[in-house]
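Here's a walk through one protein model, helix by helix. Have the sequence and the 3D view handy as you read.

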Amino acid sequence: MNEIIEQKVIDGCIRNDRRSQEKLYKQLFPALFCLCRRYFRNDHEAIESVNDGMLKVYKNINSYQPAKGALFNWVYTIVRNTALDKLKLTVPLTQQVETLSGAAESGNGEDPLRALEAKDLYSLLDHLNPATRLVCSLFYIDGYAIKDIVSRLDISPGTVKWHLSESRRKLKDIFEKQFNTRP
């Protein structure tokens, strides 16, 4: 989106112009949907999260400051945080898994998701429970450090490490079944 169109769209959104809001939504939807699909098991939940985030964008568009970064980055952050907040409310991680203090990560530390296509990644993540999928996505896809996941989700480092270990274990089983790599 070039700067002239972007400013017109922003000005329209500030005026609460529905056409400008629709234009912004349509331009950003594909990337925002892919972002939210990482966290949710089905398209409906991902779309709902995008819509909730975009409502926050429209409500707070006055606070966007172009000098601090691109509009896309600002919107992306709002939608991502909206999705994470929704997950935090609907999936209480601390109730799903006992805190495992000192849990060690298993495996060889390689990123098992690096070579996958995006569509393959989503289908694999669908095999994980919501809490494990969230931690796995934040760590492997979004690049959050364990300490950042701990503070963002308000869970212990041991619980984060358990979820990462669990995601590697489950994904390893899926890979072995799919590619018949078991001896």
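Is the crossing of helix 7 and helix 8 left-handed or right-handed? The crossing of these two helices is right-handed. Keep in mind that this is a predicted model.

## Helix 7 against helix 8

Two numbers are handy to start with: packed helices are described by the angle between their axes and the distance between the axes. For helix 7 and helix 8, the angle is about 135° and the axes are 10 Å apart. That makes helix 7 oblique to helix 8.

If you want to find the contact on screen, pick out Leu134, Val135, Leu138 and Phe139 on the helix 7 side. They meet Ile146, Ile149 and Leu153 in helix 8. Sorted by class, the residues of the contact of helix 7 with helix 8 come out as seven nonpolar, no polar and no charged.

## The overall layout

Now zoom out. Of its 183 residues, 42% count as buried.

What about contacts that span the sequence? Taking contacts between residues at least 6 apart in sequence, 68% join residues at least 24 apart.

In soluble globular proteins, nonpolar side chains tend to be buried together. Here the largest nonpolar core holds 42 residues, and the members touching the most other members are Leu24, Tyr39, Met54 and Val75. Helices that each supply at least two residues of this core include helix 1 (3-14), helix 2 (18-37), helix 3 (43-60) and helix 4 (71-90).

Leaving aside residues up to four places away in sequence, Tyr39 touches Arg80, Ala83, Leu84 and Leu87, among others. Its list of contacts also includes Arg133, Leu134, Ser137, Leu138 and Asp142.

## Helix 2 against helix 3

The axes of helix 2 and helix 3 come within 9 Å and cross at roughly 135°. That makes helix 2 oblique to helix 3, and their crossing is right-handed.

Residues of helix 2 in this contact include Leu24, Tyr25, Phe29, Leu32 and Phe33. On the helix 3 side, look for Ala46, Ile47, Val50, Met54 and Val57, among others. By class, the contact of helix 2 with helix 3 has twelve nonpolar, three polar and three charged residues.

## Val160, a buried spot in helix 9

Val160 is found in helix 9. Is Val160 buried or exposed? Val160 counts as buried because its relative accessible area is 0%, and the cut-off for buried is under 20%.

Again leaving out residues up to four places away in sequence, Val160 touches Val135, Ile146, Ile149, Val150 and Ile155. Ile146 is 14 residues away along the chain, yet the C-alpha atoms of Val160 and Ile146 are separated by 6.8 Å.

Where is Asn16? Asn16 lies in the loop between helix 1 and helix 2. Most residues other than glycine have a negative phi. The phi of Asn16, though, is near 65°, a positive value. Asn16 counts as partly exposed, at 44% relative accessibility.

Terms used: Residues numbered from 1 in each chain as written. Predicted model: local features only at pLDDT ≥ 70, side-chain atom pairs only at ≥ 80, totals over all residues. Heavy atoms only, no water. Core = buried A, V, L, I, M, F, W, Y, C linked by side-chain atoms within 4.5 Å. Buried < 20%, exposed > 50% of the residue type's maximum accessible area, 1.4 Å probe, protein only. Helix = DSSP H or I, 4+ residues; strand = E, 2+ residues; numbered from the N terminus. Contact = heavy atoms within 4.5 Å. Axes fitted to C-alpha atoms, helices over the stretch in contact; angles between N-to-C directions. Parallel < 35°, antiparallel > 145°, perpendicular 65-115°, else oblique. Left-handed = near helix turned anticlockwise from the far one by under 90°. Nonpolar A, V, L, I, M, F, W, Y, C, P; charged D, E, K, R; others polar.
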